[in-house]
Amino acid sequence: MDPYAIIKQLRSQKIRVQKPLTLAEILHIESKYEIIFPPDLRELYMTGLPTGPEFVDWRKTF
């Protein structure tokens, strides 16, 4: 998976992409919700955070 290609594809479809999640933010989310993001999703979120009705806005869960 190329996270930069995915971000580019999302943007080409007019999906907003926010600044990436930091490792600290990801670890906080995983701890709070007792989940572990798969490595490819973690890499995507650390490249850019897609936002919109189809996506969880992880920053709003803090």
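**Entry 1**

I looked up Trp-58 and found that, at 12% relative accessibility, it counts as buried (buried is under 20% relative accessible area, exposed over 50%, partly exposed in between, with a 1.4 Å probe and protein chains only). The model is a predicted one, in which local features need pLDDT of at least 70 and side-chain atom pairs count only at pLDDT 80 or more, while totals for chains, interfaces and linings use all residues. Residues are numbered from 1 along each chain as its sequence is written, and side-chain values use heavy atoms, with hydrogens and water left out.

I then searched for aromatic pairs and noted three in the structure. For this I took rings of Phe, Tyr and Trp (its six-membered ring) as paired if their centres lie within 6.5 Å; planes under 30 degrees apart count as stacked, over 60 as edge-to-face and the rest as tilted. One of the pairs is Tyr-33 with Trp-58, which is edge-to-face, at 6.0 Å centre to centre and 65° between the planes. Tyr-33 lies in helix H2 and Trp-58 in the segment after E2, so this pair ties together parts that are 25 residues apart in sequence. Helices (H or I, at least four residues) and strands (E, at least two) are DSSP runs, numbered from the N terminus.

**Entry 2: the ring cluster**

I next examined Phe-37 and Tyr-45. Their ring centres are 5.3 Å apart and their planes stand at 90°, so I recorded the pair as edge-to-face. Both Phe-37 and Tyr-45 are buried. Which residues do the ring pairs link into a cluster? I listed Tyr-33, Phe-37, Tyr-45 and Trp-58.

**Entry 3: salt bridges**

How many salt bridges does the structure hold? I found two, taking a salt bridge as a side-chain nitrogen of Lys or Arg within 4 Å of a carboxyl oxygen of Asp or Glu.

One of them joins Glu-25 to Arg-59, with the closest N and O atoms 3.2 Å apart. This pair links distant parts of the chain, since Glu-25 is in helix H2 (residues 23-33) and Arg-59 in the segment after strand E2 (49-51), 34 residues apart. I checked accessibility and found both Glu-25 and Arg-59 buried; for Glu-25 the value is 17%. I also looked up the contacts of Glu-25 (contact means heavy atoms within 4.5 Å). Leaving aside neighbours within four places in sequence, Glu-25 is in contact with Pro-20, Arg-59 and Phe-62.

I turned next to the salt bridge between Arg-42 and Glu-30, where the closest N and O atoms are 2.6 Å apart. Arg-42 lies in helix H3 (residues 39-45) and Glu-30 in helix H2, so this pair ties together parts that are twelve residues apart in sequence. Are these two residues buried or partly exposed? Arg-42 counts as partly exposed, at 23% relative accessibility, whereas Glu-30 counts as buried, at 8%.

**Entry 4: the two sides of helix H1**

I asked which residues of helix H1 (residues 3-12) are buried. They are Pro-3, Ile-7 and Leu-10. Seen down the axis of H1, these buried residues fall within an arc of 60°, so they line one face of the helix; the arc is that of the directions from the helix axis to the C-beta atoms. I noted the general rule that an α-helix has 3.6 residues a turn, so residues three or four places apart point the same way. The face of H1 turned away from its buried side carries the exposed residues Tyr-4 and Lys-8. What covers the buried residues of H1 includes strand E1 (16-18), H3 and E2.

At the start of H1, I found a side-chain oxygen of Asp-2 reaching to within 3.1 Å of the backbone nitrogen of Tyr-4.

**Entry 5: positive phi in two loops**

I looked up where Lys-14 lies, and the place is the loop between H1 and E1. Lys-14 has a positive phi of about 65° although it is not a glycine. Lys-14 is exposed, with a relative accessible area of 75%.

I found another such case in Glu-34, in the loop between H2 and H3. Phi of Glu-34 is near 50°, a positive value in a residue other than glycine. Glu-34 is also exposed, with a relative accessible area of 74%.

**Entry 6: Glu-54**

Glu-54 is exposed, with a relative accessible area of 60%. The C-alpha atoms of Glu-54 and Val-17 are separated by 12 Å, the two residues being 37 residues apart along the chain.

Definitions and conventions
Polar contact = N/O pair within 3.5 Å; in protein donor to acceptor, adjacent residues only side chain to side chain.
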